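The model below is a predicted one.

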Amino acid sequence: MAQCDIVLNRNISDPERNLDLRLVLEMCNAGAIAAPIRCGTARPHFGINSTLTTDDLPIDIMSFANKIIAVTGGASGIGRATTETLVSEGATVYVADLNETAGKELESQYPKKVVFQKTDVSSEEQVKAFFEKVKEAGTLYGAVNAAGINMPGQLLHETTTEFYRKTISVNLDGTYFSLREEVRILMEQGKGGSVVNVSSGSGLIGRPKATAYCSSKHALAGLTKAAALEYAEKGIRINAVCPGNANFLHF
Ligand SMILES: NC(=O)c1ccc[n+]([C@@H]2O[C@H](COP(=O)([O-])OP(=O)(O)OC[C@H]3O[C@@H](n4cnc5c(N)ncnc54)[C@H](O)[C@@H]3O)[C@@H](O)[C@H]2O)c1
């Protein structure tokens, strides 16, 4: 990973809630540059261009053993890598993804550690049904909202309304619906928690032939910042990561 800007809203080294911290560390270990963006009263621990390694932290705060974590878009790419990392560290991961074949494969690869449910995150009803299942499983520790699409680029005047709406419905509506259910569960549990939205470098800067995608990802910054401020006092941290090209198949 050549470059990665990371939006941080709260003290990410809170040892009780390490999901966002781990994501940052994983990305920094892969060569990313941590570039925290301050939000409200936020005090990110890592300065611009800081270089972090997992050695910077005591090992006991890195454990995901027996934690339940929800990952949208967990059947491939960044979501899958996140799922597999979490499982390798002892978590049970609930995966919501449209790709049933890949999701079921993942589930059979990690019996009882990955639970897959076919879900279209742009459908409010399907997102609710997925999180009903997550809720029944036990205490939700955190979530990663990685489901997203980036369709082949077109200049603005060439785009169709359908193209625009599809991009917004998955990348923005899907993250909004997922985050809202996650926060509802975390609020009900009353134990705090950590949610990471997967945005993009295109959520920070403009790119040609990507107006719909850039719009959807810039909107995630607003969603993340506003929600982070709403729930900070409840110990629910909401952050976004903004990867550059992560060399997965579709980008
Ligand atoms: N790969 C990159 O270089 C890169 C860069 C910046 C940001 N991102 C972001 O990272 C996230 C993951 O991207 P990726 O590269 O891993 O892509 P990917 O296509 O490999 O994975 C995305 C996953 O989301 C799922 N998905 C798509 N539409 C869905 C829907 N409506 N409901 C539920 N699941 C759906 C897909 O089935 C897939 O499993 C996206 O949000 C993307 O915008 C990726």
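How many bridges join strand 6 to strand 7, and do they run parallel or antiparallel? Six bridges join strand 6 to strand 7 (residues 236-243), and the two run parallel.

Together with helix 5, strands 5 and 6 make a right-handed β-α-β unit.

Strand 6 (residues 193-198) is largely enclosed by the rest of the structure, because six of its six residues are buried. In a regular strand, side chains alternate between the two faces of the sheet. Gly-193, Val-195 and Asn-197 point one way from strand 6, while Ser-194, Val-196 and Val-198 point the other way.

The largest nonpolar core has 45 residues, and Ile-69, Ala-70, Val-71, Val-93 and Val-95 have the most contacts inside it. Helix 5 (residues 161-189) gives the most to this core, with six residues. Among the residues that Ala-70 touches are Tyr-94, Ala-96, Val-134, Leu-140 and Glu-182.

Ala-96 is also touched by Thr-119, which sits in the loop between strand 4 (114-118) and helix 4 (124-137). Thr-119 counts as buried because 28 other C-beta atoms lie within 10 Å, where 20 or more are required. Its other contacts include Asp-97, Gln-126, Val-127 and Phe-130. Ala-129 lies 10 residues from Thr-119 in sequence and 8.5 Å away in space, C-alpha to C-alpha.

Terms used: Residues are numbered from 1 along each chain as its sequence is written. This is a predicted model: local features need pLDDT of at least 70, side-chain atom pairs count only at pLDDT 80 or more; totals for chains, interfaces and linings use all residues. Helices (H or I, at least four residues) and strands (E, at least two) are DSSP runs, numbered from the N terminus. A residue is buried if 20 or more other C-beta atoms lie within 10 Å of its own, exposed if 12 or fewer, and partly exposed in between; C-beta atoms are placed from the backbone. Two residues are in contact if their C-beta atoms, placed from the backbone, lie within 7 Å. A nonpolar core is a set of buried Ala, Val, Leu, Ile, Met, Phe, Trp, Tyr and Cys residues joined through C-beta atoms within 7 Å. A crossover is right-handed if, with the strands pointing away from the viewer, the path from the first strand over the helix to the second runs clockwise. Two strands pair if DSSP finds at least two bridges between them. Lists of a residue's contacts leave out its neighbours within four places in sequence.
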